[in-house]
Amino acid sequence: MIAPMSAAHDTFPVSYFPVPTQRQFARNAELIRGKPYERYFSGEMKLRRDVLPALKRPMSAADALAPEDVNALLEPGYHAVENGFCELSDGSAYVASHVPFPGATGEMYGWWFWWHSVEPARYTLWYLYNHIAARPVNRGVLTAPGLTHEQRYVGTTHHVDEYIGGERLRIAIHFLDPAELGFDTRRFAEAGIVGHACARVRLRDLPLEVVTMVHLARRTSEGIEQRSRYWIGHDVKLRAFGAKLSVDKIGAVLGGKRRMAGERVAYEQLLHDQIEFTHLASFLPELWSEFGPHVPDPAV
């Protein structure tokens with residue numbers, strides 16, 4: 001069993017929120033008012049103190065994991081950089097993020113990735129200031145009988161509205177079987193992988209598929225830990241006439257990748273990931289105990 005990389009409890013409150021996200025917080029507080037899980041809308045977001053060095057300066061691009069090498073995440077131990085951000089040579093962005101979830105299990109993790117999308121108010125619990133809504137294209141799969149947690153989101157698309165920094169994004173997250181991104185899933189059990197949320201992400205206001213996202217939940221002696229990797233501006237595809245056309249090379253040559261991603265977006269994504277998942281880790285076991293699948297859900 002993996003020993004946890006760092007203590008999860010040495011945190012401090014986040015005090016900077018752009019004005020648009022302050023206004024979103026007020027709207028979210030109204031949206032969640034009267035919901036049975038309203039008490040989890042706590043009003044305070046935190047960061048782990050050990051992440052601060054990773055936010056002060058970009059990591060070396062030489063330490064970035066290549067998308068074709070994702071099975072390195074199944075090896076024991078940790079990589080040279082588990083928390084970091086950088087711009088790659090073609091202008092795309094890379095982010096690595098590690099968040100411990102004390103007391104959590106793989107079942108809780110898989111449950112969360114569909115439960116939070118049942119109604120928009122639930123999505124706000126995850127990031128009180130920056131999250132607006134997550135709407136599954138096929139909501140019926142959330143209530144279909146006899147499915148595992150993963151079957152309720154893998155293969156589906158969620159339309160998500162959220163702020164990354166002060167910028168409002170409208171994206172579509174298409175969750176994939178990790179094997180579609182090159183993972184040897186036969187190794188998951190031996191590697192201690194007990195949960196996953198892997199996806200390709202496209203912009204809803206432009207017909208572009210632009211991000212590869214990997215979240216793996218690995219068992220530790222204290223619960224689980226999430227190890228995430230984002231490649232932003234990676235394998236860019238134009239969706240047109242029902243087909244996907246690669247515009248990756250031309251995007252790099254013309255500087256489109258750097259404008260779309262680059263160092264600035266990489267930093268904002270790492271900060272966003274750390275805040276939202278540190279917050280989720282702080283209440284997931286308790287939320288599961290109160291609202292998990294063993295409890296009838298009045299919204300479904």
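Cys198 is buried, with a relative accessible area of 1%; buried here means under 20% relative accessible area, exposed over 50%, and partly exposed in between, for a 1.4 Å probe and protein chains only. Cys86 is likewise buried, at 2%. The sulfur of Cys198 is 20 Å from the closest cysteine sulfur, in Cys86, which is too far for a bond. A disulfide is taken as a pair of cysteine sulfur atoms within 2.5 Å. By this rule the count is zero disulfides. Cys86 is accordingly in no disulfide.

The model is predicted: local features need pLDDT of at least 70, side-chain atom pairs count only at pLDDT 80 or more, and totals for chains, interfaces and linings use all residues. Residues are numbered from 1 along each chain as its sequence is written, and side-chain values use heavy atoms, with hydrogens and water left out.

Helix 3 spans residues 106-115 and is mostly covered. Nine of its ten residues are buried. Among them are Trp111, Trp112, Phe113, Trp114 and Trp115. Helices (H or I, at least four residues) and strands (E, at least two) are DSSP runs, numbered from the N terminus. Arg218 is placed over the face of Tyr78, at 5.0 Å from the ring centre. The criterion for a charge over a ring is NZ of Lys or CZ of Arg within 6 Å of the ring centre and within 35 degrees of the ring normal.

Aromatic pairs were searched for across the whole structure, and 24 were found. Rings of Phe, Tyr and Trp (its six-membered ring) pair if their centres lie within 6.5 Å; planes under 30 degrees apart count as stacked, over 60 as edge-to-face and the rest as tilted. Phe17 and Tyr129 form a stacked pair, 3.6 Å centre to centre with 5° between the planes. Phe17 lies in the loop between strand 1 (11-13) and helix 1 (19-32), and Tyr129 in the loop between helix 4 (120-124) and strand 5, so the pair ties together parts that are 112 residues apart in sequence. Phe17 is buried at 11% relative accessible area, and Tyr129 counts as buried at 12%. The rings of Tyr37 and Phe291 have centres 6.1 Å apart and planes at 85°, so this pair is edge-to-face. Tyr37 lies in the loop between helix 1 and strand 2 (46-48) and Phe291 in helix 8, so parts 254 residues apart in sequence are tied together. Both Tyr37 and Phe291 are buried.

The largest pocket has a volume of about 660 Å³. On a 1 Å grid over the protein atoms alone, a pocket is an open set of points where a 1.4 Å probe fits, with protein on both sides within 12 Å along at least five of seven lines; lining residues have an atom within 4 Å of a point. Grid points are joined across faces, edges and corners, and the volume is the space filled by probe spheres set on the points. Of the 33 lining residues, Glu162, Ile164, Leu169, Ile171 and Gln269 are the closest to the pocket centre. Helix 8 (262-291) gives the most to the lining, with seven residues.

Pro293 lies in the segment after helix 8. Pro293 is partly exposed, at 45% relative accessible area.
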